[in-house]
Amino acid sequence: MTKSHASASQPPATPVEPGETGCAGGLTVLDPPPGLPGPTDAPDGGPDGTADDPAVPSATVQDRLAGRLSDITSLHEHTERLARARGTAATLDAVLASGAALLGASRGVLVTLLPGGGPGQPVGLGLDRASLGALETVPTEQSLLARLLSEHDRPEQLHSPDLADDPAVGGRLRELAVHLGLGGAYGLPLATVEDGPLAAAVWFYDRPAGPTDCQRELARHYCEIAAPLLAKQLEAERILRTTEALRRGLLPDRLPQTPGLRLAARLVPAGLDRSSGSDWYDAIPLPDGTVGLTVGSVSGDGPGAGPGSAPGAAAAMGRVRAALRAYAVLEGEDPVSVLGDLELLLKTTEPTRTATAVYAWIEPEDRRITLAGAGHCPPVLVGRHGAEFVETSLSAPLGMLACWEAPGVELTAERGDTLLLYTEGLARRCGPTLHAGQANLRRAAADAPRDVRIDPERLCAHLLAVCPDPDAAPATDDLMLLAARFD
């Protein structure tokens with residue numbers, strides 16, 4: 001592909017918009033334009049170098065100054081809008097929309113560079129999913145986005161006045177330009193000196209056209225401002241993904257398979273930027289063939305606590321869950337002792353945190369359940385005739401009293417019954433109050449179709465689908481559910 005550098009002496013090879021500065025024909029790698037001048041950046045003479053020339057009417061000078069001021073004001077408005085964007089998705093949408101407005105384009109596509117290299121999922125403006133998918137079929141050697149993301153020999157700008165009639169862009173891209181009705185195209189990289197290429201954006205015109213010199217300058221300056229902001233957003237997103245992966249790694253990667261007992265679990269973690277706690281679930285196969293089931297939640301004012309302190313709470317949750325597993329192996333048939341030992345550990349090693357928990361010791365062959373709860377929501381037993389709460393005695397959360405103790409509860413399930421353990425976050429999402437949410441959860445379990453109730457996996461999915469209130473605010477607690485069906 002031949003590269004040519006546009007210059008003031010080169011006439012345009014293809015038509016452009018009336019009144020616009022022409023560009024060299026074909027796919028052109030443009031030299032970086034000069035900095036965006038302000039009203040006082042002109043050469044000697046008046047503000048634009050013509051004030052001392054009597055041949056230039058003063059009205060013309062004023063019009064030029066007014067146009068320059070309008071450009072600077074527009075750039076300021078778009079960068080302010082960019083600064084108000086929250087999250088990577090909103091930032092990418094702002095870049096596409098503002099770039100299109102500054103360039104006078106109608107559509108656009110943007111991709112970010114993945115940490116391991118290669119483009120991520122495209123984000124579109126005025127392009128539906130099918131159109132974005134079609135653009136992804138363009139071979140790398142023909143892709144404008146791939147060139148703008150290149151680590152080496154990355155062009156400052158790319159411009160093709162007419163994609164459908166530009167042999168430099170490759171056959172597949174020309175074919176798509178005709179199919180999608182794409183005229184001219186103009187692209188810019190988003191890169192910083194420290195991070196290198198971060199993303200690339202290409203904007204499209206509906207007919208053969210291109211931006212003016214002034215529009216190019218505005219778009220280039222806008223992308224120079226957007227690049228470091230995007231770098232911060234991408235870094236924050238990477239940290240969130242890493243923390244989320246570590247958080248999930250603290251929970252079981254699989255549930256044990258025990259004769260006579262089928263298990264299923266669901267976790268929908270709250271956003272790490274909003275949550276101040278962390279939930280756990282576990283199913284512990286014990287040496288005598290029984291099983292210990294537990295769910296719980298850790299919260300409190302430990303290091304980094306408050307909204308967005310989920311990483312610290314998740315670390316504490318991992319320590320508490322590991323300790324509970326050890327206590328379950330040592331004395332699992334006595335849930336009160338298990339929670340009592342956990343309470344002592346919490347007060348000793350996590351003095352600024354509290355936890356709610358329920359622990360159930362299950363004998364699958366006899367379908368016998370012995371459980372105890374510490375400030376936790378009552379489990380639900382789902383049977384063929386409905387669903388009922390398993391009322392545990394009222395008790396404070398772990399770590400709040402000088403000495404925690406509460407009596408255990410024993411019951412025998414019927415064959416086909418399912419025991420549901422869940423955390424407070426799910427109950428609060430199911431209704432306007434905690435009590436109403438628990439009632440709605442129980443009712444949803446009772447009203448589930450029979451083919452759903454007999455399958456713990458489907459029952460968990462059903463409850464997560466129908467219970468959360470669609471009008472509720474974004475969750476600040478994890479949604480946790482553990483189901484155990486007796487076969």
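Strands, like helices, are DSSP runs numbered from the N terminus, and a strand has at least two residues. In this predicted model, strand S10 covers residues 353–363 and strand S11 covers 368–374, and Arg367 is found in the loop between them.

**Two residues with positive phi**

Arg367 has a phi near 55°, a positive value in a residue other than glycine. Asp153 is not a glycine either, and its phi is positive at about 55°. Asp153 lies in the loop between helix H4 (144–148) and strand S4 (158–160). Arg367 has 18% relative accessibility, so Arg367 counts as buried. Asp153 has 68%, so Asp153 counts as exposed.

**Cysteines**

The structure holds zero disulfides. Cys460 is buried, because its relative accessible area is 0%. Cys214, at 24% relative accessibility, counts as partly exposed. The table sets the accessibility values side by side.

| Residue | Relative accessibility | Class |
|---|---|---|
| Asp153 | 68% | exposed |
| Arg367 | 18% | buried |
| Cys214 | 24% | partly exposed |
| Cys460 | 0% | buried |

**Helix H10**

Helix H10 runs over residues 434–447 and has 14 residues. Which residues of H10 are buried? They are Gly437, Gln438, Leu441, Ala444 and Ala445. These residues cover an arc of only 125° around the axis, and therefore they sit on the same side of H10. The face turned away from that buried side carries the exposed residues His435 and Asp447.

The buried residues of H10 pack against several elements. The strands among them are S12 (380–383), S13 (386–389) and S15 (418–422). The helices among them are H9 (424–429), H11 (450–453) and H12 (456–466).

**Nonpolar cores**

The largest nonpolar core has 49 residues. Which of its members touch the most other members? They are Trp280, Tyr281, Leu293, Leu342, Tyr359, Ile362 and Ile369. Leaving aside residues up to four places away in sequence, Ile369 touches Ala360, Trp361, Ile362, Val409, Glu410, Leu411, Ala413, Leu419 and Phe486. A second, separate core has 29 residues, including Leu110, Leu188, Ala199 and Ala231.

Terms used:
Residues are numbered from 1 along each chain as its sequence is written. This is a predicted model: local features need pLDDT of at least 70, side-chain atom pairs count only at pLDDT 80 or more; totals for chains, interfaces and linings use all residues. Side-chain values use heavy atoms; hydrogens and water are left out. Helices (H or I, at least four residues) and strands (E, at least two) are DSSP runs, numbered from the N terminus. The expected span of a helix is 1.5 Å times one less than its number of residues. Buried means under 20% relative accessible area, exposed over 50%, partly exposed in between (1.4 Å probe, protein chains only). The arc is that of the directions from the helix axis to the C-beta atoms. Contact means heavy atoms within 4.5 Å. A nonpolar core is a set of buried Ala, Val, Leu, Ile, Met, Phe, Trp, Tyr and Cys residues joined through side-chain atoms within 4.5 Å. A disulfide is a pair of cysteine sulfur atoms within 2.5 Å.
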